[in-house]
Amino acid sequence: MISGCFQYIVLLLLLSSGIRSLNCNHIVKCQKDETMNTIKLLESMGPKMIPWQCFNQIQDFAFPIGNDTGSIKEDARATVGLMLEQINRIFSQNFTKAEWNMTITEHFQISLDQQLVQWEKCSVAETGKKATFKDVRTKLKLRKYFLRLDRFLKDEEYSSCAWEAVRHEIMGIQFVFLDQLLRTLQH
C-alpha cells in the first residue's frame with residue numbers, strides 16, 4: 001500500500017507535468033489555487049494563533065509594497081516569482097526548533113518547489129525570457145524585506161517563537177498581496 005505522503009508527492013508531480021504545456025493565464029489560475037493551498041498548509045503546520053509566550057517577539061516587518069505594485073504585468077510576474085523564491089528560501093532554513101507538524105511542513109516545501117517550477121514557465125510565457133522588474137526599486141524593497149525576516153530569525157537563533165512570527169507574516173502577505181498580484185495578471 002502506498003503511503004499518504006508518497007501519494008501526495010506523486011499527485012503533485014503529475015499535476016506539474018500536465019501544467020508545463022499550458023499558457024501563463026492557466027498557470028495564473030492554478031497559482032491562485034496553489035496560494036490558497038499554501039496558506040492552508042501554513043496554517044496547519046502550527047498553532048492558529050501565535051503562542052502567548054511569543055507575543056514579545058511579534059514585529060512589524062513592514063511589507064514594503066502597496067496596492068500600486070503590479071500595474072505593469074511584467075513587474076507583477078517578476079514580483080510573484082521573487083516572492084515565491086524568497087519564501088521557499090526562508091522555509092528551507094533551520095527550523096528544527098519550530099514546533100511544527102513535519103509532514104505538513106514537507107508538503108508545504110514540496111508545494112513551494114512545484115509553484116516555483118510552474119511560475120518560471122509563466123515568467124517566460126509572453127517574452128520568451130524570464131520576467132524582470134521594470135521598476136528596480138520594487139525588487140530592492142522586496143529583497144530588503146526578506147533580509148529583515150532572515151536577520152530576525154538569525155538574531156532569535158531560529159527559535160520556535162521567531163518561526164511562528166515569520167510563519168504568520170508569510171501567511172498574511174500570501175493571502176493579501178500574492179492574491180492581489182495574481183488578480184492583476186488575470187486582467
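I take a helix axis as a line fitted to C-alpha atoms over the stretch in contact, and I read angles from 0 to 180 degrees between N-to-C directions. I keep in mind that this is a predicted model.

**Entry 1: helix 2 and helix 6**

I began with helix 2, residues 24-45, and helix 6. Their axes come within 10 Å and cross at roughly 170°. An angle over 145 degrees counts as roughly antiparallel. Helix 2 and helix 6 are therefore roughly antiparallel to each other. I noted a left-handed crossing for this pair.

Next I looked up who touches whom. From helix 2, the contact includes Val28, Thr35, Ile39 and Leu42. From helix 6, it includes Ile170, Gln174, Leu178 and Leu182. I sorted the residues of this contact by class: 11 are nonpolar, six polar and six charged.

**Entry 2: helix 3 and helix 6**

I moved on to helix 3 and helix 6, residues 160-186. They pack at an angle of about 160°, and their axes lie 10 Å apart. That angle makes helix 3 roughly antiparallel to helix 6. Helix 3 passes helix 6 in a left-handed crossing.

On the helix 3 side I found, among others, Ala76, Val80, Met83 and Ile87. Helix 6 brings residues including Trp163, Ile170, Phe177 and Leu181. By class, this contact has 15 nonpolar, three polar and two charged residues.

**Entry 3: helix 3 and helix 5**

How do helix 3 (residues 73-90) and helix 5 (residues 136-155) pack, and at what angle? I read about 15°, with the axes 11 Å apart. That makes helix 3 roughly parallel to helix 5. The crossing of these two helices is right-handed.

**Entry 4: the largest pocket**

I then checked the largest pocket, which holds about 250 Å³ of space. It is lined by 15 residues, and those closest to its centre are Ala78, Leu82, Glu85, Lys130 and Ala131. Which helix gives the most to the lining? I found that helix 3 does, with five residues. Helix 3, helix 4 (102-125) and helix 5 each supply at least two lining residues. The lining divides into six nonpolar, three polar and six charged residues.

**Looking back**

Helix 3 kept turning up in my notes.

Definitions and conventions:
Residues numbered from 1 in each chain as written. Predicted model: local features only at pLDDT ≥ 70, side-chain atom pairs only at ≥ 80, totals over all residues. Heavy atoms only, no water. Helix = DSSP H or I, 4+ residues; strand = E, 2+ residues; numbered from the N terminus. Parallel < 35°, antiparallel > 145°, perpendicular 65-115°, else oblique. Left-handed = near helix turned anticlockwise from the far one by under 90°. 1 Å grid on protein atoms, 1.4 Å probe; cavity = no way out; pocket = protein on both sides within 12 Å on 5 of 7 lines; lining within 4 Å. Points joined across faces, edges and corners; volume = space filled by probe spheres on them. Nonpolar A, V, L, I, M, F, W, Y, C, P; charged D, E, K, R; others polar. Contact = heavy atoms within 4.5 Å.
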